[in-house]
Amino acid sequence: MLWTEKYSPKNFDEVLGNVKIKDEILNWTEDWLLGKTSQCILLIGPPGTGKTTMAHLAANEFSEYIELNASDKRSYDILKNTIGESSLSKSLYGDGLKLIILDEVDGIHGNEDRGGTRAINQIVKDGKHPIIMMANDPYSKRLQSLKPKCNTLIMRKVHTNSIVSLLKKICVKEGVEFEEHVIRNLAKRSNGDLRTAINDLEVIARGQERITSEDLELLSSKDDIVNIFDTVRTVLKSKDPKRVRAAMRVDSEPSFILEIITENIPKEYEKVNEIQSAYEKISQADLYLGRAFNTRIYTYWKYAYELMGLGVALSKAETYKKFSRLTNSSIFPKLSKSRGNRNLEDKVAEKMGHKLHASKKVVKEQFPYMKIMFQNDETAHELATYFDLADDEVKLFRSRKIKVKKSKKKPTKSNKSATSISTPKLSGDPKVETSKKVDVEAKVSSKKKSRSKKVKNEDKAVKKSSKDTENENDSEKTSKDSQMSLFNFKK
Ligand SMILES: Nc1ncnc2c1ncn2[C@@H]1O[C@H](COP(=O)(O)OP(=O)(O)OP(=O)(O)O)[C@@H](O)[C@H]1O
Ligand SMILES: [Mg+2]
């Protein structure tokens with residue numbers, strides 16, 4: 001267990017500094033339980049000052065709590081779906097209040113996810129359940145609309161003297177002798193951030209009998225690590241656990257660090273068994289990262305860090321005495337090159353999915369068949385019209401423009417200027433087009449009817465679940481039926 005967890009405050013009395021804010025949170029908790037308030041709290045303050053810690057302590061007072069991270073985009077869906085519902089329906093147990101802890105509301109995605117801000121604002125407005133939101137940057141634009149609606153509490157850095165006393169307490173409990181000035185130095189350099197102070201102490205004191213000023217040098221070398229390449233170089237060059245762990249504390253996304261280490265392993269390591277062992281650690285680290293993102297249990301991150309850092313570092317028998325030129329990951333340029341195409345695929349899949357009542361994923365699985373169907377001019381035209389695809393969207397399935405036979409009928413006003421396949425009235429006679437569309441829809445719905453007859457015989461529970469539009473299997477089935485009807489509708 002990390003020392004920051006081991007020595008994390010177990011109650012509000014143990015939380016250092018920010019006395020007034022502690023009281024405010026305690027009073028707020030009581031008020032909610034007594035039904036005296038429906039306000040939410042916005043805690044803004046520097047890192048490592050106890051925001052998350054206090055939110056967790058407050059959570060003990062309520063019957064349930066849910067913790068989400070605003071910089072993880074998936075949280076918004078959860079907010080909209082889970083919390084959206086739960087904020088209407090109260091829990092069966094206890095006071096029925098579910099505390100919502102939302103971290104990093106000044107999240108890293110900037111203005112990208114307006115939907116997220118909207119979802120948060122909506123839940124704040126509902127006021128059915130207590131919410132504690134946390135942020136670091138008081139000037140963040142994303143907070144401007146939230147601040148007036150919340151009880152906004154600005155936290156301060158923790159005083160050096162308080163940090164000194166906590167670090168001393170930890171040393172005593174861990175049986176580590178210390179020199180007074182070393183502890184004071186650690187406290188000062190943490191700049192009011194208790195997480196940094198405790199972590200730094202752990203780096204130099206864990207497993208030691210005493211700590212001296214020499215140990216502080218190790219930390220200075222940690223501060224010299226200015227970029228991710230220094231981290232990767234240390235991981236590949238060193239076998240010293242302390243140095244590697246310190247180097248891994250670079251301020252960068254874990255998945256990005258993983259990518260750069262992955263890319264550079266064979267540039268430094270020469271023996272096959274070392275490379276194999278290092279990549280095994282990388283794949284395990286990747287599993288933990290995936291787990292952390294999927295479950296939002298971010299404590300998995302630390303296993304990922306250990307595996308990709310120390311795991312890779314200790315995969316070598318000896319350190320190499322050579323200079324290796326490290327390179328950036330090759331995956332990111334590749335991904336950014338294909339981004340345009342991926343966006344287009346998403347757009348088209350969404351349009352088609354809407355018509356086919358299928359998820360984007362299922363529709364994308366049909367793309368290879370679409371490519372074949374789009375080779376025929378007439379079918380291509382009908383499909384493009386049915387799905388309302390623009391010229392550039394059709395390019396996803398065929399490179400040539402769709403040639404449309406001119407209608408022999410007298411051109412009407414509406415089709416005189418029509419040249420694009422995205423115009424629904426292209427075939428000349430809007431009535432013909434509409435009847436085709438109706439025909440297609442009738443076929444799709446008759447398929448659906450026959451399917452629902454089958455479903456009738458099935459178990460009721462299954463029937464219920466088939467209503468769920470999110471259900472992949474169901475959408476797949478629908479999609480396949482619709483797909484079949486697409487094959488048939490050409491007259
Ligand atoms: N006020 C405090 N009193 C005692 N320990 C603290 C305090 N603040 C932080 N710590 C220690 O630091 C660790 C991290 O603190 P916490 O996660 O609460 O910080 P935070 O303010 O949420 O930081 P961030 O803004 O980075 O999320 C805690 O687990 C605890 O060990
Ligand atoms: Mg926090």
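Modeller: Ala, Val, Leu, Ile, Met, Phe, Trp, Tyr, Cys and Pro count as nonpolar, Asp, Glu, Lys and Arg as charged, and the others, Gly among them, as polar. By that division the shell around ligand 1 has eight nonpolar, nine polar and three charged residues. This is a predicted model, in which local features need pLDDT of at least 70, side-chain atom pairs count only at pLDDT 80 or more, and totals for chains, interfaces and linings use all residues. Residues are numbered from 1 along each chain as its sequence is written, and chains are lettered from A and ligands numbered from 1 in the order in which they are written.

Colleague: What makes a residue part of the group around ligand 1, and which come nearest?

Modeller: A residue is near a molecule if its C-beta atom, placed from the backbone, lies within 6 Å of it. Around ligand 1 there are 20 residues, of which P47, G50, K51, T52 and T53 come nearest. Two or more shell residues come from each of α1 (3-6), α3 (51-59) and α9 (194-205); helices (H or I, at least four residues) and strands (E, at least two) are DSSP runs, numbered from the N terminus.

Colleague: Why is ligand 1 said to lie between domain 1 and domain 2?

Modeller: Domain 1 (18-154) and domain 2 (158-224) both give residues to its shell, so ligand 1 lies between them. The bounds come from an automatic or database domain assignment.

Colleague: How do you know that β3 and β4 pair?

Modeller: Pairing requires at least two bridges found by DSSP between two strands. β3 (residues 98-103) and β4 (residues 131-135) have three, in the parallel sense, so they pair.
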